Amino acid sequence: MIEIHPVSGKRSLKQFIKVPWAIYRNDPNWIPPLILERLLALSPGEPVFEHLDWQAWIACSEGRPIGRISAQIDSLHLEHNHPEEGFFGMIEGVDDRKAFERLTGTAEAWLRERGMTRVLGPLSLNMNQEPGLLFQGYDTPPTFLMGHARPYYHRHLEAVGYRPCQELLAYRMYNDYREPATIRRLRKRLAGRLELRNINHADRLAELENLRRIFNDGWADNWGFVPFTEAEFRAIGKMLLLAIPKDFIKIAELDGEPAGFIVVLPDINACIGDLNGRLFPTGFVKLLWRLKVRFPETVRVPLMGVRKDLQETVFGPGIAMTLIHAASAPAIRRGVVSGELSWILEQNAGMRSIIERLGGTVTKRYRLYRKDLGGS
């Protein structure tokens, strides 16, 4: 007997967050998320909920949680992509087809009742957060804010009618990287016109708005694009500016105008693996020491963008390559061994070519699924 319980209130939300502890009990590569961070990320006051409606459920058998799922409708996705497409996300479960059938069926019914005719997922919560289901790279831990999964998830999703529709890639680069001759030539060609600088903390709101505009402009034509709102990007920026060194955000200016940027994030997952999701009583001190004193050996590039009007010119790849090269220097000085660039659309041939020319290799793949719900 499988029972599905809707999440309502802080207590059941915390139970929802903790479902993966049982699923990954014997998986050495799973990193328990920080419970407080998850509670804050899913709190009603988060800016994403200004344009996203959602509901979550927990599946139980004999009184114990065996799975979970969420369903979301993002008004910005409806506006910029498909007008009747909802999401499922945050799916976890034991190796039981019936559990996945009940969970996905519950999410689908919720979406169908609200006029959605198809469902895309998993997205937790939308394309700008944690999209995709891991299907290659189970043998290494995920970086911060990237997903992990059990290999059987794909089999159960496909058994209940979901079909692959997109793949996302995670690339890894190591600190033995050397600047290719291509970059040296491009940098010489751009000399006098392209300048790189760190973010100006004294004018951080204006700086964050410039980064948001570059990102929204540069990614506008990408599959599944949803723009960041001002409130969302400010919230992300507040977290980033607290967690990362000031020279981990590089801004490129072409002829004095913002043209591109890159953000390097210390891999917080490498600092929290033994905290079991808890910051108190000692977890916060350990995390702070590991970020500020020891510093993790891995980093992640979660955000990067180049203005759209420059992407098809010599300036596009030149700016992207120069940003990646420049961002690696402060990371290497802090003892970083490798970095992950994630996520990258599989069909984004331009960006993939740039990363591979700089020595990056694909180490993880994530898959998105879609299902027709019927209707008009």
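Modeller: The largest cavity has a volume of about 590 Å³. The model is a predicted one, and the volume is a computed value. Of the 34 residues that line the largest cavity, those closest to its centre are Glu 92, Glu 130, Met 146, Gly 147 and His 148. Several elements of secondary structure take part in this lining: helices α1 (10-23), α2 (35-41) and α9, together with strands β4 (85-93), β7 (130-131) and β8 (133-136), each supply at least two residues. Sorted by class, the lining comprises 23 nonpolar, 6 polar and 5 charged residues.

How is such a space found? Rolling a probe the size of a water molecule over the atoms shows where empty space is left. Applied to the whole structure, the search finds 4 cavities of 30 Å³ or more.

The second largest cavity holds about 220 Å³ of space. It is lined by 19 residues, and Met 173, Val 299, Ser 328, Ala 331 and Gly 339 lie nearest its centre. At least two lining residues come from each of β9 (163-174), β12 (257-266), β13 (298-306), α12 (315-333) and β14 (338-345). Among these elements, α12 gives the most, with 5 residues. The lining of the second largest cavity divides into 14 nonpolar, 4 polar and 1 charged.

Four of the elements around the second largest cavity, β9, β13, α12 and β14, turn up again beside another helix. This helix is α13 (residues 349-357), in which Met 351, Arg 352, Ile 354 and Ile 355 are buried. These residues lie on the same side of α13, because they cover an arc of only 160° around the axis. An α-helix has 3.6 residues a turn, so residues three or four places apart point the same way. The buried residues of α13 pack against β9, β13, α12, β14 and β15. After α13 comes Gly 359, with a positive phi near 100°.

Strand β15 (361-372) leads on to an open space, the second largest pocket: β15 and α9 (269-272) are the elements that give two or more residues to its lining. The volume of this pocket is about 220 Å³. Its lining has 14 residues, and Thr 140, Pro 141, Thr 143, Arg 172 and Asp 267 lie nearest the centre. By class, the lining of the second largest pocket has 4 nonpolar, 5 polar and 5 charged residues. Helix α9 also supplies at least two residues to the lining of the largest cavity.

Is His 154 buried or exposed? Its relative accessibility is 8%, so His 154 counts as buried, the cut-off being under 20%. Apart from its neighbours within four places in sequence, His 154 is in contact with Leu 133, Leu 134, Phe 135, Tyr 138, Arg 367 and Tyr 369.

Asn 210, in helix α7 (residues 204-218), counts as partly exposed because its relative accessibility is 28%. The C-alpha atoms of Asn 210 and Ile 66 are separated by 44 Å, and the two residues are 144 apart along the chain.

Strand β2 (residues 52-61) is mostly covered, with 8 of its 10 residues buried. β2 also pairs with strand β1 (residues 2-6), again in the antiparallel sense, over 5 bridges. Trp 57 of β2 has a bridge partner on each of these strands: Pro 6 and, in β3, Ile 69. The hairpin of β2 and β3 has 2 residues between the strands, and Glu 62 there takes a positive phi near 55°.

Conventions: Residues numbered from 1 in each chain as written. Predicted model: local features only at pLDDT ≥ 70, side-chain atom pairs only at ≥ 80, totals over all residues. Heavy atoms only, no water. 1 Å grid on protein atoms, 1.4 Å probe; cavity = no way out; pocket = protein on both sides within 12 Å on 5 of 7 lines; lining within 4 Å. Points joined across faces, edges and corners; volume = space filled by probe spheres on them. Nonpolar A, V, L, I, M, F, W, Y, C, P; charged D, E, K, R; others polar. Buried < 20%, exposed > 50% of the residue type's maximum accessible area, 1.4 Å probe, protein only. Pairing = 2+ DSSP bridges. Contact = heavy atoms within 4.5 Å. Arc of directions from axis to C-beta.
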